[in-house]
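Work through the exercises below with the sequence and the model open. Try each task before reading its solution.

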Amino acid sequence: MNLNDFLPAPESLYQRIGAAKLREIVQAFYPLVKSEPLIADLFPDNLSETMNKQEAFLTGFLGGPPLYHQTYGNPMLRYRHREFAITPSRAKAWFACFSDAVDSVALGDCVKSELLEAVARTAAAMVNTPEA
(Lines give C-alpha, C1' and ligand atoms only; values in the text may rest on other atoms or scores of the structure.)
Protein backbone atom coordinates (compact mmCIF):
# COMPACT_ATOMS: atom_id res chain seq x y z
CA MET A 1 0.00 0.00 0.00
CA ASN A 2 1.00 3.57 -0.52
CA LEU A 3 -0.46 6.99 0.17
CA ASN A 4 -2.36 7.01 -3.13
CA ASP A 5 -4.41 4.04 -1.95
CA PHE A 6 -6.00 6.33 0.64
CA LEU A 7 -6.59 9.35 -1.58
CA PRO A 8 -9.66 9.78 -3.75
CA ALA A 9 -9.06 9.64 -7.49
CA PRO A 10 -8.69 13.13 -8.92
CA GLU A 11 -11.60 14.43 -10.93
CA SER A 12 -11.07 14.70 -14.66
CA LEU A 13 -11.32 18.04 -16.39
CA TYR A 14 -14.54 16.76 -17.92
CA GLN A 15 -15.99 16.12 -14.45
CA ARG A 16 -14.96 19.58 -13.28
CA ILE A 17 -16.56 21.24 -16.31
CA GLY A 18 -19.63 19.02 -16.48
CA ALA A 19 -21.60 17.82 -19.49
CA ALA A 20 -24.03 20.74 -19.46
CA LYS A 21 -21.32 23.41 -19.48
CA LEU A 22 -19.34 21.57 -22.13
CA ARG A 23 -22.47 21.58 -24.30
CA GLU A 24 -22.84 25.33 -23.65
CA ILE A 25 -19.28 25.88 -24.83
CA VAL A 26 -19.85 23.93 -28.03
CA GLN A 27 -23.14 25.75 -28.68
CA ALA A 28 -21.46 29.13 -28.14
CA PHE A 29 -18.43 28.17 -30.24
CA TYR A 30 -19.97 27.37 -33.62
CA PRO A 31 -21.80 30.68 -34.22
CA LEU A 32 -18.46 32.38 -33.52
CA VAL A 33 -16.71 30.11 -36.02
CA LYS A 34 -19.30 30.85 -38.71
CA SER A 35 -18.80 34.59 -38.18
CA GLU A 36 -14.99 34.39 -38.43
CA PRO A 37 -13.98 35.11 -42.05
CA LEU A 38 -10.68 33.18 -41.84
CA ILE A 39 -12.35 29.88 -40.99
CA ALA A 40 -16.08 30.08 -41.71
CA ASP A 41 -15.66 28.35 -45.07
CA LEU A 42 -14.10 25.30 -43.39
CA PHE A 43 -17.41 24.38 -41.77
CA PRO A 44 -20.69 23.15 -43.27
CA ASP A 45 -23.81 25.31 -43.31
CA ASN A 46 -25.65 22.82 -41.12
CA LEU A 47 -23.52 22.46 -38.01
CA SER A 48 -25.64 19.89 -36.14
CA GLU A 49 -23.44 16.88 -36.88
CA THR A 50 -20.25 18.90 -36.45
CA MET A 51 -21.42 20.11 -33.04
CA ASN A 52 -22.35 16.58 -31.97
CA LYS A 53 -18.94 15.28 -33.04
CA GLN A 54 -17.13 18.14 -31.29
CA GLU A 55 -19.02 17.55 -28.06
CA ALA A 56 -18.37 13.80 -28.25
CA PHE A 57 -14.67 14.38 -28.95
CA LEU A 58 -14.22 16.93 -26.17
CA THR A 59 -16.03 14.66 -23.71
CA GLY A 60 -13.45 11.91 -24.16
CA PHE A 61 -10.50 14.26 -24.67
CA LEU A 62 -11.20 15.88 -21.31
CA GLY A 63 -11.45 12.58 -19.44
CA GLY A 64 -15.13 11.73 -19.76
CA PRO A 65 -16.71 8.77 -21.52
CA PRO A 66 -15.10 7.96 -24.90
CA LEU A 67 -18.21 8.95 -26.87
CA TYR A 68 -16.39 9.88 -30.06
CA HIS A 69 -14.42 6.63 -30.09
CA GLN A 70 -17.56 4.58 -29.49
CA THR A 71 -19.46 6.23 -32.33
CA TYR A 72 -16.85 7.23 -34.92
CA GLY A 73 -13.66 5.36 -34.02
CA ASN A 74 -10.26 6.85 -33.35
CA PRO A 75 -10.40 10.64 -33.80
CA MET A 76 -7.18 10.81 -35.86
CA LEU A 77 -7.59 14.59 -35.87
CA ARG A 78 -4.81 15.50 -38.28
CA TYR A 79 -5.89 12.79 -40.72
CA ARG A 80 -9.57 13.77 -40.57
CA HIS A 81 -8.68 17.42 -41.18
CA ARG A 82 -6.10 16.79 -43.92
CA GLU A 83 -8.35 18.12 -46.70
CA PHE A 84 -8.48 21.56 -45.06
CA ALA A 85 -5.63 24.05 -45.35
CA ILE A 86 -5.06 24.86 -41.70
CA THR A 87 -2.54 27.67 -41.48
CA PRO A 88 -1.18 29.13 -38.26
CA SER A 89 -3.53 32.13 -38.64
CA ARG A 90 -6.53 29.83 -39.14
CA ALA A 91 -5.58 27.81 -36.07
CA LYS A 92 -5.27 31.04 -34.07
CA ALA A 93 -8.67 32.23 -35.33
CA TRP A 94 -10.22 28.87 -34.39
CA PHE A 95 -8.65 29.04 -30.94
CA ALA A 96 -9.81 32.65 -30.44
CA CYS A 97 -13.39 31.53 -31.16
CA PHE A 98 -13.02 28.65 -28.72
CA SER A 99 -11.56 30.92 -26.08
CA ASP A 100 -14.44 33.37 -26.50
CA ALA A 101 -16.93 30.50 -26.20
CA VAL A 102 -15.25 29.33 -22.99
CA ASP A 103 -15.35 32.89 -21.64
CA SER A 104 -19.12 32.95 -22.22
CA VAL A 105 -19.64 30.05 -19.79
CA ALA A 106 -19.24 30.30 -16.03
CA LEU A 107 -16.13 28.28 -15.21
CA GLY A 108 -13.55 28.68 -12.48
CA ASP A 109 -10.28 30.28 -13.52
CA CYS A 110 -8.22 27.13 -12.97
CA VAL A 111 -10.61 24.96 -14.98
CA LYS A 112 -10.77 27.56 -17.76
CA SER A 113 -6.99 27.82 -17.90
CA GLU A 114 -6.50 24.06 -17.98
CA LEU A 115 -9.11 23.66 -20.71
CA LEU A 116 -7.65 26.39 -22.88
CA GLU A 117 -4.11 25.03 -22.48
CA ALA A 118 -5.21 21.57 -23.64
CA VAL A 119 -7.18 22.91 -26.58
CA ALA A 120 -4.40 25.34 -27.59
CA ARG A 121 -1.97 22.42 -27.93
CA THR A 122 -4.46 20.59 -30.09
CA ALA A 123 -5.14 23.63 -32.29
CA ALA A 124 -1.41 24.13 -32.82
CA ALA A 125 -0.99 20.47 -33.74
CA MET A 126 -3.65 20.79 -36.45
CA VAL A 127 -1.60 23.24 -38.53
CA ASN A 128 -0.82 21.50 -41.82
CA THR A 129 -0.16 24.39 -44.21
CA PRO A 130 2.28 27.32 -43.99
CA GLU A 131 1.01 30.88 -44.38
CA ALA A 132 0.82 31.95 -48.02
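At 16% relative accessibility, Arg-90 counts as buried (buried is under 20% relative accessible area, exposed is over 50%, and partly exposed lies in between, with a 1.4 Å probe and protein chains only). The model is predicted: local features need pLDDT of at least 70, side-chain atom pairs count only at pLDDT 80 or more, and totals for chains, interfaces and linings use all residues. Residues are numbered from 1 along each chain as its sequence is written, and side-chain values use heavy atoms, with hydrogens and water left out.

**Exercise 1.** Find the salt-bridge partner of Arg-90 and state where both residues lie.

Solution.
- Step 1: Apply the criterion for a salt bridge, a side-chain nitrogen of Lys or Arg within 4 Å of a carboxyl oxygen of Asp or Glu.
- Step 2: The partner is Asp-41, and the closest N and O atoms are 3.3 Å apart.
- Step 3: Asp-41 sits in the loop between α2 and α3, while Arg-90 belongs to helix α6 (residues 88–103), so the bridge ties together parts 49 residues apart in sequence. Helices are DSSP runs of H or I with at least four residues, numbered from the N terminus.
- Step 4: Asp-41 has 56% relative accessibility and counts as exposed, whereas Arg-90 is buried.

**Exercise 2.** Describe the surroundings of Glu-55 and its link to Arg-23.

Solution.
- Step 1: Glu-55 is placed in helix α3, and with 15% relative accessibility it counts as buried.
- Step 2: Look for contacts, meaning heavy atoms within 4.5 Å. Apart from neighbours within four places in sequence, Glu-55 touches Ala-19, Leu-22, Arg-23 and Val-26.
- Step 3: The side chains of Glu-55 and Arg-23 form a salt bridge of 2.8 Å, N to O.
- Step 4: Arg-23 is in helix α2 (residues 19–34) and Glu-55 in helix α3 (residues 48–61), so this pair ties together parts 32 residues apart in sequence.
- Step 5: Arg-23 is partly exposed, at a relative accessible area of 39%.

**Exercise 3.** Is Lys-112 buried or exposed, and with which residue does Lys-112 form a salt bridge?

Solution.
- Step 1: The relative accessibility of Lys-112 is 18%, which counts as buried.
- Step 2: Lys-112 forms its bridge with Asp-103, with 3.4 Å between the closest N and O atoms.
- Step 3: Asp-103 is partly exposed, with a relative accessible area of 45%.

**Exercise 4.** How many salt bridges does the structure hold?

Solution. There are six salt bridges, among them the pair Lys-112 and Asp-103.

Note on methods:
Helices (H or I, at least four residues) and strands (E, at least two) are DSSP runs, numbered from the N terminus. A polar contact is a pair of N or O atoms within 3.5 Å; within protein, one must be able to donate a hydrogen and the other to accept it, and residues adjacent in sequence count only if both atoms are side-chain atoms.
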